[in-house]
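Q: I have a model open here and would like to go through it with you. Can we start with the words and then look at the parts?

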Amino acid sequence: MKKLILAFLLFLNGCAVYDAYVTAHFDNNEYKLINDIRTMSNQSASTCGKPEAKQAVDNLYDLSLQFKNYSEFIPHNEETQKAAQQLELMVKDFRDAYRKPEPVSMFYCTTKFTTIERNAVKIQNIVGTKPR
Amino acid sequence: MNLDEQLQAMANSGHPTIVEIANRAGALKSALQQGQCGPDEYKSLLTDLVREANIEAAIEDLNTRQLTYQVLNGLLALASVAG
């Protein structure tokens, strides 16, 4: 019985060591970038329908591209990399909409900012709960 | 099945993330029908729902191996309408 308990404890400890080894650790810069994206998308929703919206979306795109690029070559960081790619595509669509001659609808603008913020919160949760 | 039926199957799946995506897709269709957004904007917002499903899959809240064939078909249909 003692051997069984010892083997179980070694197994649990081994899992923790393995997990710590294969998972990227918490990164302050990564966390700051995603927090900035979340905060900016929250604050910028009020610019919809105003000329400032275009600049707000450009700034948001710069941040999302920085976030994607920053996370790209961090080892064992696949889940953040995949999420960052999707988020960057979301914001890129939004930026492209403001570069077209057609006006952007209020519904599209507010829904986009809300969607980006909601997904930034999800990603912030991934980044924030990485092992220290 | 058409998109509405596939969205209904997703809404009936009981998976919180899938139900939420189906509901959001339904709301987008209503917005399009009411003229609140244009067809290109509708497609862009639908694409975001597919991207959101990818983000959920990346963080493993949405385990695609556990999803039913109907739900996966619904997600594919969304992606196909979104272009």
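A: A word on terms before anything else: helices here are DSSP runs of H or I with at least four residues, numbered from the N terminus. The model is a predicted one.

Q: Okay, so what comes just after α2(B)?
A: B:Gly35 does, and B:Gly35 takes a positive phi of about 75 degrees.

Q: How far apart are the end C-alpha atoms of α2(B), and what span should its residues give?
A: The end C-alpha atoms are 26 Å apart. That agrees with expectation, because 18 residues at 1.5 Å a residue should span 26 Å.

Q: Which residues of α2(B) are buried?
A: B:Ile18, B:Ile21, B:Ala22, B:Ala25 and B:Leu28. Around the axis they take up an arc of only 120 degrees, so they sit on the same side of α2(B).

Q: And which ones are exposed on the other side?
A: B:Pro16, B:Ala27 and B:Ser30 are exposed there.

Q: What about α1(B), which residues are buried in that one?
A: In α1(B) the buried residues are B:Gln6, B:Leu7 and B:Met10. Their arc, seen down the axis, is within 100 degrees, so they line one face of the helix.

Q: Switching to chain A. How many helices and strands does it have?
A: Chain A has five helices and zero strands. Along the sequence its pattern reads α-α-α-α-α.

Q: How much of chain A is buried?
A: Buried residues are 35% of its 132 residues. As for contacts in chain A between residues at least 6 apart in sequence, 77% of them join residues at least 24 apart.

Q: I clicked on A:Arg38. Where is it, and is it buried or exposed?
A: A:Arg38 is in helix α2 of chain A. It counts as buried because 20 other C-beta atoms lie within 10 Å, and the cut-off for buried is 20 or more.

Q: What is A:Arg38 in contact with, leaving aside neighbours within four places in sequence?
A: With those set aside, A:Arg38 is in contact with A:Glu117, A:Ala120, A:Val121 and A:Gln124. There is also a distance to note: the C-alpha atoms of A:Arg38 and A:Val127 are separated by 13 Å, with the two residues 89 apart along the chain.

Q: Now the largest nonpolar core. Which of its residues touch the most other members?
A: The core has 48 residues, and A:Ile37, A:Leu60, A:Ile123 and B:Ala25 touch the most other members. Elements giving two or more residues to this core come from chain A and chain B, among them α2 (28-44) of chain A and α2 (16-33) of chain B. The largest share, nine residues, is from α5(A).

Q: How many residues do the two chains bring into contact?
A: Chain B has 15 residues in contact with 17 residues of chain A. On the chain B side, helix α3 (residues 39-58) gives the largest share, ten residues. By type, that side of chain B has six nonpolar, five polar and four charged residues.

Definitions and conventions
Residues numbered from 1 in each chain as written. Chains lettered and ligands numbered in written order. Predicted model: local features only at pLDDT ≥ 70, side-chain atom pairs only at ≥ 80, totals over all residues. Contact = placed C-beta atoms within 7 Å. Nonpolar A, V, L, I, M, F, W, Y, C, P; charged D, E, K, R; others polar. Core = buried A, V, L, I, M, F, W, Y, C linked by C-beta atoms within 7 Å. Buried ≥ 20, exposed ≤ 12 C-beta atoms within 10 Å, placed from the backbone. Expected span 1.5 Å × (residues − 1). Arc of directions from axis to C-beta.
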